[in-house]
Amino acid sequence: MKYCDSPYQYRRRVSREIVIGDPASGGLRLGGSQPVVMQSMLTCDTMDTAACVQQTLELVEVGCQLVRITAPTVKDAANLEAVVSELRARGCRIPLVADIHFKPEAAMEAARWVEVVRVNPGNYADSKKFNIREYTDDQYDAELGRIDQKFTPLVKLCQEQGRAMRIGTNHGSLSDRIMNRFGDTPLGMVESALEFARIARAQGYHNFKFSMKSSNPKVMIECYRLLAARLAALGEDWNYPLHLGVTEAGEGEDGRIKSAIGIGSLLCDGIGDTIRVSLTEDSPNEIAVCRDLLAQIPLLANSSVPVPELPLSYDPFHYERRPTPEVELGLDGVRCGGSQLIRVVVTRATWEKVAPKIRPSDDVRPEAVYEDLNLLEVDPREDFTVPCDTQLVTVKDGLPLPAIAAFRLLAARLRRLGLRNPILLKDCLTLEPVPLAPNIALLRASVVIGSLLCDGIGDAILVRGEAGGGQSLRLAFNILQAAGCRSFKTDYVACPSCGRTLFNLQTVTARIKSRTAHLKGVKIAIMGCIVNGPGEMADADFGYVGGAPGKINLYVGKKAVKFNIPEGEAVERLVDLIREHGKWVEPDPVTA
């Protein structure tokens, strides 16, 4: 199966155009040859009409083109009428998306008032119990018939009202039926979405888009690639547009890096018609990152230079690190390749800036100096010779190639030659004449290096686009952590907040980080409600989840173990839980 026209040469995926609202009066055409649409989500209570209107206007002011509002109950969905009425009275015509999860009746109500209804196949017609059972083919077919009965009325209503739909699966909320047949896998996510799409198509309804979201960039990339390939295999009229996003990415640099890896990798392959960067921050901040990220894609993906179309060195639908021998790399006998960690290389200029400040206990430290490496630099468009498998190789600077394509081509060329040499990744092949702004350098390095790491390519990395010595070193380690390749600090999965959220996510996230940020290798999920909580926490060690207003449930993995803890006590109870499971260490007084 092919997930894009070429992994080496940018060509945008051909998708069908769908209509959201009336394009003549503020609506959108999405997909096809239309520019990628930027969207975000409100964080306020849907019943607070004034707050919904104000937040929507603030998003419009910064360039948001599509606004999502949660509608967890029929009452919330009915209040969308008031929100829409007030926005239109103020001259705001931006299309709205109702975010629906467990209640089909809320979706039916929302379709009367807003331009798009988002449904999650994992919980629209199913209650999630994490049950383990086997389905016979007849039982499975009966389940599909039950879903058809629940979903078809919404499809017909959307047709009558001229509404669009988003069929959005989440890694954290697949149905028990899908989990038990396909597992918690990209294939399960794709199959879940296709079940609902077939019901829509049976009614002659095509005005919908797909999404495949996960908090893990590797999983998210695999899901969208698999979906794009499956849609292409199903036929030309299955070319529905795709909404991209890394869900629960978190805040600050970490949230931006995770989003850039997942969204940016796919955009560079020509996949994606609308994007949302999910940050645990005020919603307008998401649009600024969307705009900056979209602006980088032509610079990172386009090339007028012909590139050989060699067979890929990796399976795009299943992550596996490229096998290589171990080699001596640099400082203090550090090795890379094989089963070694992916290493961080710095330029001599960076080394001279940061070396005097490094303490013996620091995890963030250079592991080799670029200018001191025994390194073979090649042009991967041409055949080359390598003296042995233990020769570290990279792409030559100055080549007129996008870095992602160049390193994929290098890995493919080595495989064609029967070689397994370890590879040094670079975030850029040509340094800009004027240093990049830190926010742009972060996005570019994350897209390039993160994309390749998620392909399984790379044994050491070098960040040069960020001009600051300390910043470039920290950025390299943060990219490795976000891509799931190294763990040098606490990892957080934090949702971006919405009207379902039962506590102030930004405040609580800061409080939890202040107590736990020293726990290297521990993963903590901070979730505002239970919609995606248990599933997205499946690979987290501990979870802090809103269970009711003012009450918190604590999880170990996806299992709730403490219930209805008063919010004022919950952070310390989380610390106690971490301690009970032997993963608590006291912070270093020098660094605390």
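Is His243 buried or exposed at 0% relative accessibility? His243 counts as buried, a label that means under 20% relative accessible area, with exposed over 50% and partly exposed in between (1.4 Å probe, protein chains only). The points below build outward from there.

1. **Basis.** This is a predicted model, in which local features need pLDDT of at least 70, side-chain atom pairs count only at pLDDT 80 or more, and totals for chains, interfaces and linings use all residues. Residues are numbered from 1 along each chain as its sequence is written, and side-chain values use heavy atoms, with hydrogens and water left out.

2. **Overall form.** The protein chain has 16 helices and 23 strands. Helices (H or I, at least four residues) and strands (E, at least two) are DSSP runs, numbered from the N terminus. The radius of gyration is 24 Å, close to the 25 Å that the globule rule gives for 592 residues, so the chain is as compact as a globular protein of that length. That radius is taken over C-alpha atoms, and the rule is 2.2 Å times the number of residues to the power 0.38. Along the principal axes, the C-alpha atoms fill a box of roughly 65 × 55 × 55 Å.

3. Of the 592 residues, 59% count as buried. Contact here means heavy atoms within 4.5 Å. Among contacts with a separation of 6 or more, 70% come from residues 24 or more positions apart. The protein chain exposes about 22,200 Å², and carbon and sulfur atoms supply 51% of that area. Accessible areas come from the Shrake-Rupley method with a 1.4 Å probe; for residues, only the protein chains shown count as cover.

4. **Strand S8.** Residues 208–213 form S8, and six of its six residues are buried. In a regular strand the side chains alternate between the two faces of the sheet. Both faces of S8 are covered. One side carries Phe208, Phe210 and Met212; the other carries Lys209, Ser211 and Lys213.

5. **Neighbours of S8.** Two strands pair if DSSP finds at least two bridges between them. S8 pairs with strand S7 (residues 164–170) in the parallel sense, over six bridges. Asn170 has Lys213 of S8 as its bridge partner. Two bridges join S8 to strand S9 (residues 242–244), again in parallel. There, Phe210 stands opposite Leu242 of S9. The chain crosses from S8 to S9 through helix H7 (residues 217–234), and this β-α-β crossover is right-handed. Right-handed means that, with the strands pointing away from the viewer, the path from the first strand over the helix to the second runs clockwise.

6. **His243.** This residue lies in S9. The His243 side chain makes a polar contact with the side chain of Gln39 at 3.1 Å. A polar contact is a pair of N or O atoms within 3.5 Å; within protein, one must be able to donate a hydrogen and the other to accept it, and residues adjacent in sequence count only if both atoms are side-chain atoms.

7. **Thr274.** Strand S10 (residues 274–275) holds Thr274. Thr274 is buried, with a relative accessible area of 0%. The Thr274 side chain makes a polar contact with the side chain of Gln39 at 2.8 Å. A polar atom of the Thr274 side chain also lies 2.9 Å from the backbone oxygen of Val37. Leaving aside neighbours within four places in sequence, Thr274 is in contact with residues including Leu30, Val36, Leu242 and His243.

8. **A second sheet.** Four strands form an open sheet in the order S14-S13-S18-S17, with parallel pairing. Strand S14 (368–369) and strand S17 (424–426) stand at the edges, each with a single partner strand, so one side of each is left without a neighbour in the sheet. Three bridges join strand S13 (residues 343–346) to strand S18 (residues 460–462). Arg343 stands opposite Ala460 in S18.

9. **Positive phi.** Two residues other than glycine deserve a look here. Asp332 has phi near 55° and lies in the loop between strand S11 (327–328) and strand S12 (335–336). Asp332 is exposed, with a relative accessible area of 77%. Asn564 also has phi near 55°, but lies in strand S23 (residues 559–566). At 48% relative accessibility, Asn564 counts as partly exposed.
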